[in-house]
Amino acid sequence: MKIKKFNESLSDDKGFGQSTNAKFKLGLDLHGVVDSIPDTFAFLTQSIVKNGGEVHIITGGSFLDTDHNEDIVSELKRFGVAYTHLFSIRDYHDEVDTPKTGIHKKYGFPTISDEAWDLTKSDYCRHHNINLHIDDTLMYNDYFTTPFARLWTHSNTPKAPTKDPRHLK
């Protein structure tokens, strides 16, 4: 039996091994995912981008408010993470003027409803045809229709104190 290469057609009608021209699109959460195992994600994202794919960094952090966080772009650069798209839940909801529900207890920025926040990553991934999104917040899975993977790093590092208690489960 001859082993076929992945880009060679097989004789059956299932299409196994046939290459496609489809571009792979990966969605990644930054805090709790990329920053938990940055070397792994540096390798993965560089490989995807080098081979014509897309890497979407989808984060709750703000690109505009650097008073409370390290600049996100600088953080990604320090990690060696390649990306093609950046998306901030917070900045998006500020831009579309989502109704505010309160003030963040620790950092003082305006908050939105839990449902609006939790739906945003799934809506983004669906709209951009993301093939796989990796996140550390399991509750987001309830909203996804695109493939979603929960990352458990078991790095013995507790989740950041900035995480919403709803996201620590």
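Q: Which strands and helix do the buried residues of H5 pack against?
A: Helices (H or I, at least four residues) and strands (E, at least two) are DSSP runs, numbered from the N terminus, and contact means heavy atoms within 4.5 Å. This is a predicted model, where local features need pLDDT of at least 70 and side-chain atom pairs count only at pLDDT 80 or more, while totals for chains, interfaces and linings use all residues. Residues are numbered from 1 along each chain as its sequence is written, and side-chain values use heavy atoms, leaving out hydrogens and water. The packing partners of the buried H5 residues are strand S2 (54-59), strand S3 (85-88), helix H4 (89-95) and strand S6 (132-135).

Q: Which residues of H5 are buried?
A: Here buried means under 20% relative accessible area, exposed over 50%, and partly exposed in between (1.4 Å probe, protein chains only). On that scale, the buried residues of H5 are Trp-117, Asp-118, Thr-120, Lys-121, Ser-122, Tyr-124 and Cys-125.

Q: What ties Lys-121 to a part of the chain 92 residues apart in sequence?
A: A salt bridge is a side-chain nitrogen of Lys or Arg within 4 Å of a carboxyl oxygen of Asp or Glu. Lys-121 forms one with Asp-29, their closest N and O atoms being 2.9 Å apart. Lys-121 lies in helix H5 and Asp-29 in the loop between S1 and helix H1 (30-34), so parts that are 92 residues apart are tied together by this pair. Both residues are buried, and the link you are looking for is the salt bridge with Asp-29.

Q: Which residues join Lys-121 in one salt-bridge network?
A: The structure holds five salt bridges. Some of them share partners, and the network that includes Lys-121 also takes in Asp-29 and Asp-135.

Q: How far apart are the closest N and O atoms of Asp-123 and Arg-126?
A: Both residues lie in helix H5, three residues apart, about one turn of the helix. Asp-123 is partly exposed at 36% relative accessibility, and Arg-126 is partly exposed at 35%. Their salt bridge has its closest N and O atoms at a separation of 2.4 Å.
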